[in-house]
Amino acid sequence: LLAYQVAEIEAAALEDEAEDDRLAAEEDRLAAASAHREAAARALEALTGTGTEAEAASAQDRVAEAARALADRAPLAGMEQRSRALMAELADLGTELRTVVETWDDDPERLDAVRARRQLLHELGRKYGTTPGEIIAFAAEARAKLADLESAEARAVALDGEIERAAAAVADAEAVVARRRHQAAPVLADQIESTLRTLAMPSARFEVSVAGEGPADQVTFLLGANPGEPALPMAKVASGGELARTMLAVRLALTGSPGVIVFDEVDAGIGGMAAISVGAALATLAERTQVLVVTHLAQVAAHADRQVSVRKGEVDGRTVAVTTELGPEERIVELSRMLSGSPDSDTARRHARELLEGSRARRRASR
């Protein structure tokens with residue numbers, strides 16, 4: 001449809017917006033050429049007497065005589081100028097009337113051509129716009145749309161090529177990611193498993209499973225916490241304490257960490273040196289991110305930079321949790337209570353101080 005519309009308008013070879021106005025004037029002249037000539041001849045005869053050149057000149061002479069009669073009369077200078085202007089206008093008018101009489105012939109063929117042309121413009125206007133200017137604008141818009149449609153196939157081929165190249169680039173990147181994941185999985189598993197053995201899980205086995213097409217996005221952490229147990233996804237096999245310690249080991253192995261990490265029950269089921277190892281591991285992790293630990297073990301709490309006591313109380317009939325940051329001496333009292341249940345025991349206090357001093361020494365040594 002667009003191709004037909006563009007071809008039809010281009011075949012018309014429209015000139016400009018004023019073409020129809022010019023054709024209308026020409027049609028009016030051609031349609032009554034004889035009548036126009038007769039009217040011009042009568043006007044010329046009225047102007048010149050018989051329409052001859054000599055008599056026309058004598059008429060000019062009479063106007064010239066009138067101008068001479070008015071010359072050198074200052075009060076009549078305006079009329080003299082008008083007389084002279086009338087002489088020039090009279091000459092021009094005679095020339096134009098003579099042109100009409102001598103050249104405006106009947107031209108039925110030209111008249112038919114003008115009428116056909118105007119009919120064509122009317123038909124185009126009915127389809128594409130009321131004026132030649134609107135038709136020309138319609139053709140320009142249709143031509144642009146046609147060009148877009150004609151180039152659509154070429155654009156589609158080009159886009160298909162871009163898609164293929166992009167898909168190949170994605171596949172290459174996925175292959176790199178998958179390869180690096182397969183390479184990193186056993187290394188990460190060994191690091192985590194080694195850390196778990198220092199966190200009171202000496203028989204733990206840790207595996208990183210990498211599967212799936214493309215970039216191998218199906219990554220699963222598998223844990224075998226006890227001897228004789230198969231390594232299964234952590235969410236299915238780990239208890240609360242085991243899960244917390246495993247995540248601690250994972251965080252120690254990974255370089256990136258969130259801004260704040262919270263561990264609850266990370267010390268469940270452990271004590272003695274294992275608890276000290278867990279506390280040391282938490283302190284190591286706290287060197288690169290903020291770590292909050294909920295613990296009931298003095299061996300773990302002693303490794304903290306700051307210790308906060310949490311107690312439940314009642315306010316206006318409601319149970320609330322009250323937190324208090326402990327100072328150095330208050331911390332010894334609290335650690336004593338955690339160790340023996342008797343914060344006033346000299347032995348417990350001595351042990352609390354030893355825990356604090358030991359944690360500081362280990363931290364200095366690690367740095």
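**Exercise 1.** How many residues lie between S6 and S7 in their hairpin, and which residue in the turn has a positive phi?

*Ground rules.* This is a predicted model, where local features need pLDDT of at least 70 and side-chain atom pairs count only at pLDDT 80 or more, while totals for chains, interfaces and linings use all residues. Residues are numbered from 1 along each chain as its sequence is written, and side-chain values use heavy atoms, leaving out hydrogens and water.

*Solution.* 
- Find the strands: strands (E, at least two residues) are DSSP runs, numbered from the N terminus. S6 covers residues 308-315, and S7 covers residues 318-325.
- Look at the turn: two residues sit between S6 and S7, and Asp316 there has a positive phi of about 55°.
- Check the pairing (DSSP must find at least two bridges between two strands): S6 and S7 run antiparallel, with eight bridges. Val315 is opposite Arg318 in S7.

**Exercise 2.** Why does strand S7 lie largely in the open?

*Solution.* 
- Recall the cut-offs: buried means under 20% relative accessible area, exposed over 50%, and partly exposed in between (1.4 Å probe, protein chains only).
- Now count: S7 has eight residues and the number buried is zero, so the strand lies largely in the open.

**Exercise 3.** Is Gln5 buried or exposed?

*Solution.* 
- Locate Gln5: you'll find this residue in helix H1, residues 2-12. Helices (H or I) need at least four residues.
- Read off the value: Gln5 has a relative accessible area of 12%, so it's buried.
- See what Gln5 touches (heavy atoms within 4.5 Å): Tyr128 and Phe138, leaving aside residues up to four places away in sequence.
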